[in-house]
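Hi,

Here is the structure I promised to pass on. Have a look at it first, and my notes follow below.

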Amino acid sequence: MPDKKDDVYGDHISNKFNDELMALKSEFLEMGGMVESQVDRAITALVENDGNLADEVRAMDKKVDQKEIEIDEEATLIIARRQPTARDLRLVISVIKMVADLERVGDEAKKIAKFAIKLSEEGQAPRGYVEVRHIGNHVLSMLHDSLDAFARLDSEQALRIMKEDKRVDEEYQAATRTLLTFMMEDTRNISRCMSVMWILRALERVGDHACNIAENVIFMVKGEDVRHTPVEEAEKVVGR
Amino acid sequence: MNTINPSISTGVNMRDKQAAEIPVPQDKPEDTIIEEGKTVGKPFASDPKFQLRNVSVSYGSDRAIKDISLDIGRNEVISFIGPSGCGKSTFLRCLNRMNDSIDICRVKGQLMLDGEDIYSPKRDVVELRARVGMVFQKPNPFPKSIYDNVAYGPKIHGLANRKSELDEIVENSLRKAGLWEEAKDRLDSVATGMSGGQQQRLCIARAIAVSPEVILMDEPCSALDPIATARVEELIADMSKSYTIVIVTHSMQQAARVSNRTAYFHLGHLVEVNETNKVFTSPEHQLTESYITGRFG
């Protein structure tokens with residue numbers, strides 16, 4: 001846990017309150033680390049045809065789910081005990097929302113692992129894995145950066161992640177087109193390419209969740225809700 | 001009404017006077033970021049009941065209120081919050097000249113009620129206090145019957161000519177204060193025998209019996225249990241339809257629950273006034289944020 005003096009949530013008169021908020025924050029980051037590695041390992045399992053690793057990823061999801069419940073419980077207790085306001089309230093509310101995003105990211109990783117097992121059992125030459133690796137790395141760095149923006153309360157970095165999301169969408173469209181070409185070339189590719197498409201879809205969703213986390217970080221820092229608003233609006237809010 | 005109980009009002013005044021005299025710690029960085037006379041947020045209202053401009057209050061050489069400008073809207077509920085000794089009670093008591101009884105207290109600036117100067121030499125203070133009633137922290141019923149407590153104000157202000165009119169005023173006031181059902185069968189019992197929450201609602205009934213336009217409340221629930229507090233808060237919500245209510249409170253949750261706007265005071269400055277929802281979710285001023293999140297106070 002970081003030094004209390006360096007943390008904006010660590011300077012209340014009540015030390016117990018400091019501890020509770022900072023614990024909530026670090027628990028959230030711990031869960032973030034868990035799902036980050038889950039996605040990373042799911043992609044590796046797919047690309048390297050590693051069924052065992054894919055099984056591990058699926059098993060890990062239970063721990064992530066458990067963590068979600070624990071964090072929600074802690075947040076509920078903080079509300080009941082402390083009636084947080086302003087910045088503290090925004091932290092608690094954002095964490096409650098963001099854990100749901102992290103849990104979904106975990107589900108997407110599980111989904112990828114499931115397809116990895118299916119594809120490795122079919123044992124054909126890989127098609128579209130380059131795209132999976134590429135988009136995978138992109139959304140992983142977005143996820144990592146969004147957690148980093150949360151840890152450092154960096155609204156500018158959060159804004160950069162929101163902008164990245166558009167690029168991921170474009171990459172996803174391009175990859176879909178490539179896979180369509182494979183399918184048209186040889187109809188025997190269809191089932192396999194469809195699986196890869198589902199994987200790409202899952203990764204694209206991971207990018208969306210990273211983006212949601214980034215929006216919550218902006219809310220935590222600036223106190224303004226930038227969900228469902230154009231990026232230009234968010235840019236104005238962050239610039240204030 | 002309440003002015004005829006000098007021991008109570010002086011008690012409250014003395015406490016705040018002492019609070020105002022507590023030496024101000026100079027080493028806090030936040031103390032230096034207040035600009036005198038500058039309030040962030042929305043201190044002005046479109047339909048003001050009170051227009052207060054450049055108000056300063058001093059007790060001898062100590063300045064308790066430093067150049068505050070604020071509007072209080074008609075039928076608005078506004079909360080004053082801030083750490084002890086920040087001047088919120090002093091400022092509240094300027095609104096019906098309760099500070100007059102303190103010799104060393106000097107009030108400067110323009111204080112207008114419905115466009116008329118509160119501190120004009122021509123102002124009838126008794127009439128002012130009938131228009132601007134007050135409820136104190138500690139319930140302070142007279143050692144008389146419940147009926148007489150409520151009937152006292154209307155009697156001395158000549159609001160009722162006949163006993164039946166007086167009965168009506170007493171019943172209406174007790175109904176508005178949510179006390180009628182509990183008190184109707186014991187109107188002749190002595191008021192001090194009631195529970196704390198009932199006594200406070202009786203004081204509110206006593207305040208509204210003289211048909212005021214404004215009710216000032218100085219920590220009205222700090223001596224009450226949660227149930228009695230909820231009743232008083234419910235009452236504030238009902239009364240806000242017909243009265244302007246100014247409430248000083250140490251309970252931030254109470255301010256968040258009952259008021260339309262919240263004003264944050266700090267060391268005699270009015271730091272921020274904003275919609276209550278804004279103050280408690282994303283306040284504009286760093287000091288407001290520090291106070292409401294429990295970082296000092």
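Which way do B:Val132, B:Gly133, B:Met134 and B:Val135 point from strand E7 (residues 132–135) of chain B, and are they buried or exposed? B:Val132 and B:Met134 point one way and B:Gly133 and B:Val135 the other way, and all are buried (20 or more other C-beta atoms within 10 Å of a residue's own, with C-beta atoms placed from the backbone).

Before the rest, some housekeeping. This is a predicted model, where local features need pLDDT of at least 70 and side-chain atom pairs count only at pLDDT 80 or more, while totals for chains, interfaces and linings use all residues. Residues are numbered from 1 along each chain as its sequence is written, and chains are lettered from A and ligands numbered from 1 in the order in which they are written.

B:Leu52 has B:Leu70 as its bridge partner in E3(B). Their hairpin has 2 residues between the strands, and B:Gly60 takes a positive phi near 60°. E2(B) is also joined to E5(B), residues 105–113, by 8 bridges, again antiparallel, with B:Tyr59 partnered by B:Cys105.

Cheers

Key:
Buried ≥ 20, exposed ≤ 12 C-beta atoms within 10 Å, placed from the backbone. Helix = DSSP H or I, 4+ residues; strand = E, 2+ residues; numbered from the N terminus. Pairing = 2+ DSSP bridges.
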